[in-house]
Amino acid sequence: MSEYVFEPWWVVAILPEILLVVLAIAILIFDLILPLESRRNLGWVAAGGLGLILVLGLIFSRPTSDALMWGGMLAQDWLGFTFRMLFLFAAAITAMFSMDLPRLGNRGEFYVLMLASTLGMMLMASSADLIMLYLAIETTSIPLYVLAGFLTQEDKSTEAGFKYLLFGAMTSAIMLYGFSLLYGFSGTTNIYELASRFQQGIVSDATLMGVLLLVLVGFGFKISAVPLHFWAPDVYEGSPTPIAGFLSTASKAAGFAVLLRVFLAAFPSLAPYWGAIIAALATATMTLGNLLALAQKNIKRMLAYSSIAHAGYAMIGVVAVSQLGASATVFYLIAYVVTNLAAFGVIAAVGRITGSDEIASYAGLSRRSPWLGIAMLVSFLSLAGMPPFGGFIVKFVVFAAAVEAGMIWLAVVGVLNSIIGLYYYLTVLKHVYLYRSEDEGKPLPVTRPYAVGLVVLILGIILIGTVFAPWITLSGSAAAGLF
Amino acid sequence: MQFPILSIIVFTPIITGILILLIPAERKTEVRVTALAAAIFALALSIWVYFSYDIPAGGYQFIEKYSWLPQFGISYHVGIDGMSAPLVLLTGVVMFTGVLISWGLDDRPREFFAFLFILATGVFGVFVALDLFMLFFFYEIAVFPMYLLIAIWGWKETREYAAMKLTLYLFIGSVIALVGALAMYFTSGLGTFDMLELEKAGFSTDFQILWFPFVFFGFAVLGGIFPFHNWSPDGHVAAPTAVSMFHAGVLMKLGAFAALRVGIMLLPEGAKFHMGWIILLTLVNVVYGAYIAMVQTDFKYVIGFSSVSHMGLVAMGFATLNADGMLGAGVQMFSHGVMTALFFAVVGMVYDRAHTREIPRLGGFRKMMPLVTLAFIIGGLVSMGMPGLSGFIAEFPIFMGVWGTAPWIAIVAAISIVITASYIIRIIGRVFFGQVPEEFEGHITDVSVLDKVALVLLSAILIVVGIYPAIMTPLVESGVNNILRLLGGA
């Protein structure tokens, strides 16, 4: 790998990551000097800092050409860049939603762990080397295990953290075994070189497919695809709500980033085989996720199953194995991240006051707080795929990708699934708008971080859902590097 | 560039809806006044558009086109022809009268009017859409507020069930049609969703025969076509008055219109192949709907099933694929929209005072509400197809057209008029004439001035179109010619 000679632009390219580390250190220092009463403001520091990094990244770190850097460890391209910016956005929103939660928002280490995890995700999105990729995945996961179990006084949170750790460690070990086999067969860990080595036919397609399945276990866990979805409902239910939101959005999107890169860039020749497997997984993921969501009484569990189902929709774009398909997946994830963060934001804001995550406790919400009601309406209808919200156009593009690839059956499965989805989203809205409750008279104050975060997200949902062209251009250029 | 009048019509309601949401919840009068002002504005513009459509020129007019998503060939492309112009006017009328009728609504009027107006934007958008994607976009916008409007403000007994049933039915239909639309997009190879381009795509006959049923029925679900009509009476009955008016008056036309625009106009060969049996389904609609209406005892269910029957006539007119049938169907969409809005307004007024809709328990409302009685009789005569009223102008050409393709169907369908007469006359006799039951004696008040304005406007339209059909038929005819051109002469 001696051909990689340090060039100054490498530093600029990873400027967001560097600043992220600086921000994490700054928060640790503030945590020491700020008095306990005002430590909640660390959330503003984190959110503001992330916002600033996002802006600086957009200005300075835009990829000019596709290239490998840092000894072939990282790739500079639009795919990675799009996802990295998305993670920064999600982390900023999560920081805001966490601020006003007791035993969470006033603890510096919470923000630091979250930033560390965000750093891992950003590296995941741009890893071009299996070793770098594995390290990035672990950097993402380990802080998340701690964050899921952060509320140590609550049994459910502890259980969530522990469960997440066990499942995560297991699948990550299987994936690592797959990585080691890939290296053993090819003699390289670079994702892009793997492709050319395997094209020489070192091993049979069947063997290689077996290895890819091992790798898929790790990725499938990250995106919570069936049959690796078991952890999601329990972990979401027990985790602090903003962390559940972070897990279901940024962490899942990071999984998709590596899935797209590894499968589409490194193994395009095997696409008919893994395409069939992922198509089957997508069908199972959508259907099972939606069907199980129907039966849920707890809103976080319901959203966990719903987020499993959404992973299924996003996988349709991967299955299409086309420029349109990959950009559909990227676009889907952008809209999904914004929408689901809004849904979890509302839940955090409501749960903070009512102390309950039961769907029944949402009765009368629109009378208690009309604005939270509207926010919930917008985010849930967007999840259901209704215009003029973001969820509609992205489902449209994903199904279009399936039809273009000649997989009309998959589009039909997706369409039928979105009907089931509509049913349970509407059921929740029925509680919000229709049912009465005894607590209607009690106020439901919405603090400033929630107000700011939700307004940004709701505007984002509507913006994605009405002005499509820039988003399609962005996700199109993200997908372009894969083919 | 000309004045973007259609865009203003489309976006006035939704912008008003958002503004209404910003008004504090307690200031209910301001909410209502804002809603009324917007409704009058939209009505005025739709009247203006209707009368300034240049009939001799024909084709699509008031066209606006902006690129929306160039990568997919999606554009914001609007325009109206002779088919859609009356429907835009209809929506304006129903929106205006719906606001008047809902003036007294006291539970969260802010949210009510906001959702109602979002619905109105969806409806206007579908009627003026010339881009397939845009049509879907607005179609879905029209569907989901319906759920909330029925579930929140509807009739307590059945609202949750009916709202969910309706939403799922319509959503299933539309997403199935969506898959068909995607198939059209990729098969055409033109890379555009513009319907004026797709008309010329020249799809193979096999493709058209395969996809026509999906697209046609996907939309016709909302038009209440048998056997997918089941959601509609339940939905009508559970909905609050203004929403029933919107729902039966305008929304069902949305389904019929989209089935025409996307199904028949883009897949004409498929239409020719399948219409032979679809016309039989519409016959079931017409006769069976009327029969079920006759045996109902709930006033609102009678009207609900009568809508199924009358919308069957619209679909039947389309299914003839000839000039007479199409012309009749075009006028029937408008005429039925106004008529059924009038019916549901009357039902709502009676129910608000009597708190029951069981026909045997009502009686003598003529004494307390003379104007309402008169309006209902006019609507009833329209529904029976009495000459001199708009129903005749609509139904006569439909029967002529059906006679041209299958005379026996015309004969059987004509029976429905007799059945219609029987249930309408029964209602007039029982509800408005006859003895006033003791329980209502003395505490039934007449309707408010606003209600009267709405009723007078709706009745007047029915009469004007009836005695001066030239106000509408040449316009619809120009639209029909456009469709016949696609069907290949005839």
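Predicted model: local features only at pLDDT ≥ 70, side-chain atom pairs only at ≥ 80, totals over all residues.
Let's start with chain B as a whole. Its secondary structure comprises 19 helices and two strands. The radius of gyration is 21 Å, close to the 23 Å that the globule rule gives for 490 residues, so chain B is as compact as a globular protein of that length. Along the principal axes, its C-alpha atoms fill a box of roughly 70 × 55 × 40 Å. If you look at contacts in chain B with a separation of 6 or more, 80% of them come from residues 24 or more positions apart.

Now turn to a place where the two chains meet. Two packed helices are described by the angle between their axes and the distance between the axes. Here, helix H18 of chain A (residues 408–433) packs against helix H6 of chain B (residues 159–188) at about 155°, and the axes are 10 Å apart. Because angles over 145 degrees count as roughly antiparallel, that label applies to H18(A) and H6(B). Their crossing is right-handed. On the H18(A) side, the contact residues include A:Ile408, A:Val415, A:Leu422 and A:Lys430, while H6(B) contributes, among them, B:Glu160, B:Phe171, B:Val175 and B:Leu182. Sorted by class, this contact has 18 nonpolar, two polar and two charged residues.

Next comes the backbone. Most residues other than glycine have a negative phi, and most peptide bonds are trans. In chain A, the peptide bond from A:Val226 to A:Pro227 is cis, with omega near 5°, and A:Pro227 sits in the loop between helix H9 (205–223) and helix H10 (231–238). In chain B, the bond from B:Phe226 to B:Pro227 is cis, with omega near -5°; B:Pro227 belongs to the loop between helix H8 (205–220) and helix H9 (231–238) of that chain.

One is at B:Leu321, where phi is near 55°, in the loop between helix H12 (299–320) and helix H13 (323–354). B:Leu321 counts as buried because it has 21 C-beta neighbours inside 10 Å, and the cut-off is 20 or more. The other is B:His355, with phi of about 55°, in the loop between H13 and helix H14 (365–368). B:His355 has 9 other C-beta atoms within 10 Å, so it is exposed.

Conventions. Residues numbered from 1 in each chain as written. Chains lettered and ligands numbered in written order. Axes fitted to C-alpha atoms, helices over the stretch in contact; angles between N-to-C directions. Helix = DSSP H or I, 4+ residues; strand = E, 2+ residues; numbered from the N terminus. Parallel < 35°, antiparallel > 145°, perpendicular 65-115°, else oblique. Left-handed = near helix turned anticlockwise from the far one by under 90°. Contact = placed C-beta atoms within 7 Å. Nonpolar A, V, L, I, M, F, W, Y, C, P; charged D, E, K, R; others polar. Buried ≥ 20, exposed ≤ 12 C-beta atoms within 10 Å, placed from the backbone. Rg over C-alpha atoms; globule rule 2.2 N^0.38 Å.
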